[in-house]
Amino acid sequence: MMNSKKHVFPDHLASVEKTAYRNNEKKKLQDQTSIIADQGKAQEKDFRSRLKELEKINTHLEKLVEQYAKKLMDVAATNTKFISIIAHDLRSPFISIIYALDLVRNSLNDHSINEIENIIDQASGNANNTLTLLDDLLAWIFSQNKEKSFNPVKINVQELVMDEIKCASTSAVQKQLSLHYSIAPDLNVAADIQMVKTILRNLIGNAVKYTNSGGEISISASENNQFVEIAVRDNGIGISPGAQKSLFKLDTIYSTKGTNNEKGTGLGLLLCKEFVEIHGGYIRVESEPGKGSKFTFTLPHYI
């Protein structure tokens, strides 16, 4: 059996090894410290980066809050103006009707038959205008819940236009207007029937209102790719370029008296725009003062 001998280094070599060992340990500690420092710097950099990101998000959210707050204020102001207009336009006709009835009742013997007929005609006209306004107002309120109010079905355009012409015929006859249509009998759209009736009633009613006695109103329809384009044209008093810009805006409701001093609120055209856009279509106006107007809107073609 061999005896193993422990190797003994000279004193000066042992001292060198100790120094090398200490230096090595010191270097390891320095490396670890450097790694920890680098990690700390990386974490700090990442933290600062995330902080900047959060500051950007916060700034963006603040801007959004400001924008939405402004929109809410604008909507509130617009709705206040809208309600004020509706309230005024509902109140005025009732005052006129009450005045006419009181006048006839209290001074029946002081007026001729013709005078009484004129008073009754004015009261009747005011009542009809008020009813139209109420119809538009109810339609607008109902339209705010689009999920429940929108019910598209197959509609024959010619048949619907004929029905709306009949409804407008009394007013057209009183003003001696020619009211006719040019529509293919097999042309159909996929649309909500109540909304389309409201659109046509307002556009035809406006054409009657703003056309002088003896004038002409025509309604036409044609296919345009996946849509049907319907146009209501008159040779009435027309609309100025400036007024045309306000026709379909809630914040600048445009209204003017008709050729026989018929009143309106401008709500009808706002309804037309909203109902057409619910169907994915568009509505536009072409007009020249003294030469009439043409309102065109589109509805999905039923194939």
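Is the crossing of H5 and H7 left-handed or right-handed?

1. The model is a predicted one, and in it the crossing of H5 and H7 is left-handed. The two helices pack at an angle of about 145 degrees, and their axes are 9 Å apart. On the H5 side the residues that meet the partner helix are Met195, Thr198, Ile199, Asn202, Leu203 and Asn206, while H7 brings Gly268, Leu269, Leu271, Cys272, Phe275, Val276 and Ile278 to the meeting.

2. As for the overall layout, the chain comes to seven helices and seven strands, and from the N terminus on these elements run in the order α-α-α-β-α-β-β-α-β-β-α-α-β-β. Of the 303 residues, 33% count as buried.

3. Ile230 deserves a separate look. When its neighbours within four places in sequence are left aside, Ile230 is in contact with Val157, Leu200, Ile219, Ser220 and Ala221, and also with Phe295, Thr296, Phe297 and Leu299.

4. Turning to charged side chains, a search of the whole structure finds four salt bridges. One of them joins Arg284 to Glu229, with the closest N and O atoms 3.7 Å apart. Because Arg284 lies in strand E6 (residues 283-288) and Glu229 in strand E5 (residues 227-234), this pair ties together parts that are 55 residues apart in sequence. Glu229 and Arg284 also belong, with Glu286, to a network of salt bridges. Arg284 counts as partly exposed, since its relative accessibility is 35%.

5. Within helix H7 (residues 267-278), Lys273 and Glu277 lie four residues apart, about one turn of the helix, and their side chains meet in a salt bridge with an N to O distance of 2.9 Å. Lys273 has a relative accessible area of 27% and is therefore partly exposed; Glu277, at 44% relative accessibility, counts as partly exposed too.

6. Lys291 forms a salt bridge with Glu288, and here the closest N and O atoms are 3.6 Å apart. How exposed are the two partners, Lys291 and Glu288? Lys291 has a relative accessible area of 59% and is exposed, whereas Glu288, with a relative accessible area of 43%, is partly exposed.

7. Asn156 lies in strand E1 (residues 152-156) and is buried, because its relative accessible area of 15% is under the 20% cut-off. Leaving aside neighbours within four places in sequence, Asn156 is in contact with Pro185, Asp186 and Leu187 as well as with Asn188.

Conventions: Residues are numbered from 1 along each chain as its sequence is written. This is a predicted model: local features need pLDDT of at least 70, side-chain atom pairs count only at pLDDT 80 or more; totals for chains, interfaces and linings use all residues. Side-chain values use heavy atoms; hydrogens and water are left out. Buried means under 20% relative accessible area, exposed over 50%, partly exposed in between (1.4 Å probe, protein chains only). Contact means heavy atoms within 4.5 Å. Axes are lines fitted to C-alpha atoms, for helices over the stretch in contact, and angles run from 0 to 180 degrees between N-to-C directions. A crossing is left-handed if the near helix is turned anticlockwise from the far one by less than a right angle, and right-handed if clockwise.
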